[in-house]
Amino acid sequence: TRAMASPETIKKVKALIQENNIFIASKTYCPYCQATLKTIFEDKKVPKTSALVLQLNQMEDGAEIQEALTEITGQRTVPNIFILGEHIGGNSDLQALEASGKLDALLEKALA
Ligand SMILES: N[C@@H](CCC(=O)N[C@@H](CS)C(=O)NCC(=O)O)C(=O)O
């Protein structure tokens with residue numbers, strides 16, 4: 001069973017989302033995460049320094065951060081993506097944004 005995230009962790013995660021125009025919670029072995037990171041950093045050429053990527057499976061408090069993200073967004077899976085503090089969703093949501101032609105403008109705004 002998963003423990004609830006502590007109020008401190010929820011506060012910390014919300015701050016990270018607000019402080020980073022692009023925030024991605026990821027796991028190194030997750031193919032959907034790899035697709036998202038390829039889109040953002042290779043296809044869209046977002047500078048690595050312009051985004052915060054948390055590899056939850058390599059962090060001591062990764063499971064608790066994932067639980068906090070679930071409580072904040074209702075989404076349990078990774079990648080869990082935010083742009084300009086707005087919850088985008090997972091990789092399929094990111095790719096849908098790209099397919100609809102709306103991702104470029106959003107990223108431009110996030111990098112401005
Ligand atoms: N439709 C989702 C699929 C994401 C997904 O299934 N991620 C898996 C890892 S590859 C996951 O988060 N599983 C639960 C977990 O790792 O806790 C997306 O496009 O992002």
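This is a predicted model: local features need pLDDT of at least 70, side-chain atom pairs count only at pLDDT 80 or more; totals for chains, interfaces and linings use all residues.
A residue counts as near a molecule or strand if its C-beta atom, placed from the backbone, lies within 6 Å of it. Residues are numbered from 1 along each chain as its sequence is written.

**Around the ligand**

- Lys27, Cys30, Pro31, Tyr32, Thr77, Val78, Pro79, Gly90, Asn91 and Ser92 surround the ligand.
- This shell has five nonpolar, four polar and one charged residues, where Ala, Val, Leu, Ile, Met, Phe, Trp, Tyr, Cys and Pro count as nonpolar, Asp, Glu, Lys and Arg as charged, and the others, Gly among them, as polar.
- Helix 2 (31–43) and helix 4 (91–99) each supply at least two residues of the shell; helices (H or I, at least four residues) and strands (E, at least two) are DSSP runs, numbered from the N terminus.

**Helix 2 against helix 4**

- The axes of helix 2 and helix 4 are 9 Å apart, and the two pack at an angle of about 35° (axes are lines fitted to C-alpha atoms, for helices over the stretch in contact, and angles run from 0 to 180 degrees between N-to-C directions).
- From helix 2, Tyr32, Ala35, Thr36 and Thr39 meet Asn91, Leu94 and Glu98 of helix 4, contact being C-beta atoms, placed from the backbone, within 7 Å.
- By class, this contact has three nonpolar, three polar and one charged residues.

- Four strands make an open sheet in the order 2-1-3-4, with mixed pairing; two strands pair if DSSP finds at least two bridges between them.
- Strand 2 (52–55) and strand 4 are at the edges with a single partner strand each, so one side of each has no neighbour in the sheet.
- On average, neighbouring strands of this sheet are turned by 20° against each other, direction ignored.

**Strand 3 and its partners**

- Strand 3 (residues 80–83) points Asn80 and Phe82 one way and Ile81 and Ile83 the other, and all are buried (20 or more other C-beta atoms within 10 Å of the residue's own, with C-beta atoms placed from the backbone).
- Strand 1 (residues 22–26) runs antiparallel to strand 3, joined by four bridges; Phe23 stands opposite Phe82, and Ile24 opposite Ile81.
- Strand 4 (residues 86–89) is also antiparallel to strand 3, through three bridges, and Glu86 there stands opposite Ile83.
- Strands 3 and 4 form a hairpin with two residues between them, and Leu84 in the turn has a positive phi of about 55°.

Methods. A residue is buried if 20 or more other C-beta atoms lie within 10 Å of its own, exposed if 12 or fewer, and partly exposed in between; C-beta atoms are placed from the backbone. Two residues are in contact if their C-beta atoms, placed from the backbone, lie within 7 Å.
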